[in-house]
Amino acid sequence: LTLALTPRQRALLAQRLEGLDWCSWEVCEALGEDAESYVDNLLPAEWMLLLRYFTSCGFVHHGFCQAAVAWLQFHEASGKLQPKQLQELLSSLAYAGHLTRELGEEVCKTLKPLPTEAEEQVLVRLATTLASVDVETPEFYRQVLSTVTAPKTVPAGLPAGGAEEAEDYWRLSLLCFLAKADVVRWSLLLNILRQLNPLVAESVPQTLIPRLLWHLHQNCLENDSLLLEAHPLAKQLATQLTAAKRRWASEDLATMAGSLGYLGIIDVRCSEAIWEQLEAAEEEEVAPAMLQAGWAACVASSASSASSQGLGAGH
């Protein structure tokens, strides 16, 4: 049946199904036939209906997303879209893995000054989406944060299918947004951490790990009751740090060592990974970073000794 529909009729069908909370991969696959052509043959508002429906079903059509990215770049269209349209488009591209840091930074340039007609939660969603792909524009995040009275940890309008996963993705993105803005709001962070599945942090870009650890550290300094709540997420980030196959700047290594040490998460394996990279660092000024890493190594060693003694006593 869907193959007999015109592209415009398919867009209207997707809108109707989304309104009914009817999520079907079979329908998505049928609607996805020649989806790359939708961008050229439909109005932006029409093909975005299809892309939004795909995202709400957890369905990714890479060709369609690539065509949408090309449209954004070629037409410099982000400044011509309504804020809500732009937010939904970027969220779909981010979900599908097609929103890059470079594209996000270009989008930020079109949002200066912030559109006055945008709703608060639309701005928050825009900022969290951009933060989740490590767009580095602190002034933009602070602008958004200054206009928002109360960011929601569970916003309305999340996909009906896989709602729990979508909520976790939102909370993680909101946490990235706060970290990027470099603003301490420990009460909001506490709400996020209490509801967040730490395993979702596996999707965090590696370049964001130092910033997130630093953010947890700074908030815990403001209120040490956060320490226990921050442990699961910090532990997951430490695991990713140890497994990461990348060269870190000495400044980032010092930040991660200090934050993990303060949070009481660092172990001997993680400490050794940081120390090895510092020894191989090409920067001239690594002494301050080595001092921080040395302190973290002492914390890791003490924790390891205490754990061994406890294990021995138990046996």
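**How many helices and strands does the chain have?** The chain comes out with 16 helices and 0 strands, where helices (H or I, at least four residues) and strands (E, at least two) are DSSP runs numbered from the N terminus. This is a predicted model, so local features need pLDDT of at least 70 and side-chain atom pairs count only at pLDDT 80 or more, while totals for chains, interfaces and linings use all residues. Residues are numbered from 1 along each chain as its sequence is written, and side-chain values use heavy atoms, with hydrogens and water left out.

**View 1. Helices α8 and α9 pack against each other.** Here α8 (residues 120-132) and α9 (residues 138-147) sit at an angle of about 155 degrees with axes 9 Å apart. That makes the pair roughly antiparallel, a label for angles over 145 degrees. Axes are lines fitted to C-alpha atoms over the stretch in contact, and angles run from 0 to 180 degrees between N-to-C directions.

**View 2. Side by side, residue by residue.** E120, L123, V124, A127, L130 and A131 of α8 meet F140, Y141, V144 and T147 of α9, contact meaning heavy atoms within 4.5 Å.

**View 3. W47 and its neighbours in the core.** W47 and L89 have the most contacts inside the largest nonpolar core, which has 101 residues. Such a core is a set of buried Ala, Val, Leu, Ile, Met, Phe, Trp, Tyr and Cys residues joined through side-chain atoms within 4.5 Å, buried meaning under 20% relative accessible area with a 1.4 Å probe, protein chains only. Leaving out residues up to four places away in sequence, W47 touches Y38, V39, L42, F64, A68, W71 and L89.

Key: Angles under 35 degrees count as roughly parallel, over 145 as roughly antiparallel, 65 to 115 as roughly perpendicular and the rest as oblique. Buried means under 20% relative accessible area, exposed over 50%, partly exposed in between (1.4 Å probe, protein chains only).
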